[in-house]
Amino acid sequence: MLFPPEPSYDYDVRKLVKYYETAVEDILRELHRIDLTNFQRANAIATLKSVGEILADLNGNATEWAGEAITKAATDGIARTLITLGVAENAQQAQSFLLFNRINRELVKAATADTQADLLAVTQNVDRKVRAAVRFATAAALRNNLPKGVNATASIRQAITADLRKKLGESVEVGIIDAAGNKWKPITYVDMIARTKMMEAHKEATVNEALSREVMYAVISAHGAKDMCRLYEGKVVKLDPSAPGDYPYLYNLPRRDIFHPNCKHVLSPIRRLDSLPDDLLELNGI
Ligand SMILES: [Zn+2]
């Protein structure tokens, strides 16, 4: 038995990250165009309007991306299940008679909405920070210019302007703190979200498809991982906690070790454990 290779979603992730990178560049350009020596409320409103349009476009692209990417990953998980169970001979054949059962349709809907919400939170965070920086710059520019030359010399004004530029630039780079308390730069965070959500959809669709076929075990894929995942490569897990045998239940595995953010491991469902290749039989003490 030969398991299919692990999927790579680099291309899909790159596509989403590119949307964010482009939006950040566009926002920085808008911020850079601000004339800090004569920055009035009207200018600030115009800048924020442009920034709002850039972020609205970004949200549209991210929302569409999430729908496509999650569907693709779930499809791949189902196809992998059909192949490892011998229902289909190869990926092409698996695609041709692949169906989303009810639970996988629900999964795609929920996972898409979840991914969209996470991506939207990134945009909202950037929006909030940019707005705050622009407001701050408006107030500072006003102070700096009134009355000219009395409370601010040219060099002081220059220093303040440089500082404002820096603050504006940093506003798009501000960190995002995830549920586990880790701080991420927006682009790195988007990359992680995209990768992790796709792999999760792959895994969940795999489990749903396997269970709907009354398959209760799966093998964790292997690529020679260096992190804690290495301890789980090739290991049998139960997809149903009531399945016979002394194997860990998938959802009891420690998330900080395996199926963590950015994890590349997938599941290969298996109906009969005695059909595993010799090395995996030995590894799992079967
Ligand atoms: Zn892993």
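This report covers the domains, their interface, the zinc site and the salt bridges of one predicted model.

## Ground rules

The model is predicted, so local features need pLDDT of at least 70 and side-chain atom pairs count only at pLDDT 80 or more, while totals for chains, interfaces and linings use all residues. Residues are numbered from 1 along each chain as its sequence is written, and side-chain values use heavy atoms, with hydrogens and water left out.

## Two domains

The protein chain splits into domain 1 (10-213) and domain 2 (215-286). These bounds come from an automatic or database domain assignment. The C-alpha centres of the two domains are 33 Å apart.

## The interface

Where do the domains meet? Interface size is often given as the accessible area lost when the parts come together. Here, about 1600 Å² is buried between domain 1 and domain 2, and carbon and sulfur atoms give 62% of that area. Buried area is the accessible area (1.4 Å probe) that two parts lose on being put together, summed over both.

The rule finds one salt bridge across this interface. A salt bridge is a side-chain nitrogen of Lys or Arg within 4 Å of a carboxyl oxygen of Asp or Glu. Arginine 255 pairs in a salt bridge with glutamate 200, with the closest N and O atoms 3.3 Å apart. Helices are DSSP runs (H or I, at least four residues), as are strands (E, at least two), and both are numbered from the N terminus.

## The zinc site

Which residues hold the zinc ion? Cys229 (SG), Cys263 (SG) and His265 (ND1) coordinate the ion at 2.1 to 2.2 Å. Donors are N, O and S atoms within 2.8 Å of the metal (3.2 Å for Na, K and Ca); water is not among the atoms, so sites may look incomplete. Along the chain, the donors follow the spacing C-x33-C-x1-H.

Cysteine 229 is buried, at 1% relative accessible area. Cysteine 263 is also buried, at 6%. Buried means under 20% relative accessible area, exposed over 50%, and partly exposed in between (1.4 Å probe, protein chains only).

## Salt bridges

How many salt bridges does the structure hold? The count is 19. One of them joins lysine 15 to glutamate 68, with the closest N and O atoms 3.9 Å apart. Lysine 15 lies in helix α1 (residues 10-32) and glutamate 68 in helix α2, so this pair ties together parts that are 53 residues apart in sequence. Lysine 15 is partly exposed at 33%, and glutamate 68 is partly exposed at 44%.

Helix α6 holds another pair, aspartate 191 and arginine 195, four residues apart, or about one helical turn. Their side chains meet in a salt bridge at 3.0 Å, N to O. Aspartate 191 is partly exposed, at 23%. A network of salt bridges links Asp10, Asp191 and Arg195. Glutamate 204 and lysine 203 also form a salt bridge, at 3.1 Å, N to O. Lysine 203 is buried, with a relative accessible area of 8%.
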